[in-house]
Amino acid sequence: MSRFGPRGPRRRYVASPPRSLWRKLLDYGLAFLLLGLLILVAARLDRFETRKEQGTAIINDGDSITLGTERIRMRGIDAPEYHQTCRKAGADYPCGKLARQSLVRLIAGRPVFCSGWQRDRYGRLLGDCRAGDTDLNRAQVQAGWAVAFGGFETEEAVARAAKLGIWAGTFEEPQDWRNSHHDAPVERRHGVLASFGDALREFVRFW
């Protein structure tokens, strides 16, 4: 007898039956298919290049410009639409036009440089834009003429506390204003889910 007490019955291990020929072929086929998909994805990844545009900007509204033939939507912000009005001191005022004027002042006639790789549903490049040392996306939110739209939440909080720009009165969120005006473009917040959707759309576009 063992000093550790009686041993129980030994467990038997039964070898699994060999895979059939069809099962092996199926496994090999799936492996080759997966390998082929990985190779295809790797070949497509070089299509996601960052575009860089520079030149004299045509300012369309408070968050979109045109550089040459490239239409650019400034990433992470949302300014009042050009024809949108807001309220201050009990009266309506053209906040959309003032948002555009703010961007004109920030650019101050200087060349604008934008870079980005995502595009919205209208084919516009979602860009991070600068004029000299001025980060235009950030500066528009800091001035209170754009709300955070997937970025710059801290800058928005400071502008709101200081009652700058549209925060000096009351206004309808640009996204809500567009939803109530069916002829206005539909924008999506530039967050993680939107970025994933843009990446998927770019992959399908180059398939």
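The dialogue below takes up a strand, a helix and a single residue in turn.

Author: Please note at the outset that this is a predicted model, in which local features need pLDDT of at least 70, side-chain atom pairs count only at pLDDT 80 or more, and totals for chains, interfaces and linings use all residues. Residues are numbered from 1 along each chain as its sequence is written, and side-chain values use heavy atoms, with hydrogens and water left out.

Reader: Which strand runs parallel to E9?

Author: Two strands pair if DSSP finds at least two bridges between them. Strand E4 (residues 70–74) runs parallel to E9 and is joined to it by 3 bridges; here Ile72 stands opposite Leu125. Strand E8 (residues 112–116) is antiparallel to E9, also with 3 bridges, and Cys114 stands opposite Cys129. Strand E10 (residues 134–135) pairs with E9 over 2 bridges in the antiparallel sense, with Arg130 opposite Asp135.

Reader: What is found in the hairpin of E9 and E10?

Author: The hairpin has 2 residues between its strands, and Gly132 takes a positive phi near 65°.

Reader: Where do the buried residues of H4 lie, seen down its axis?

Author: Helix H4 spans residues 153–161, and its buried residues are Glu155, Glu156 and Ala159. Seen down the axis, they fall within an arc of 100°, so they line one face of the helix; the arc is that of the directions from the helix axis to the C-beta atoms. The face turned away from the buried side carries the exposed residues Thr154, Val158 and Ala161. Among the elements that cover the buried residues of H4 are helix H3 (136–142) and strand E11 (147–148). Just after H4, Lys163 takes a positive phi of about 55°.

Reader: Why does Asn137 count as buried?

Author: Asn137 counts as buried because its relative accessibility is 0%. Its place is in helix H3. Contact means heavy atoms within 4.5 Å. Leaving aside neighbours within four places in sequence, Asn137 is in contact with Met74, Arg75, Ile77, Gly127, Asp128, Cys129 and Phe152.

Conventions
Buried < 20%, exposed > 50% of the residue type's maximum accessible area, 1.4 Å probe, protein only. Helix = DSSP H or I, 4+ residues; strand = E, 2+ residues; numbered from the N terminus.
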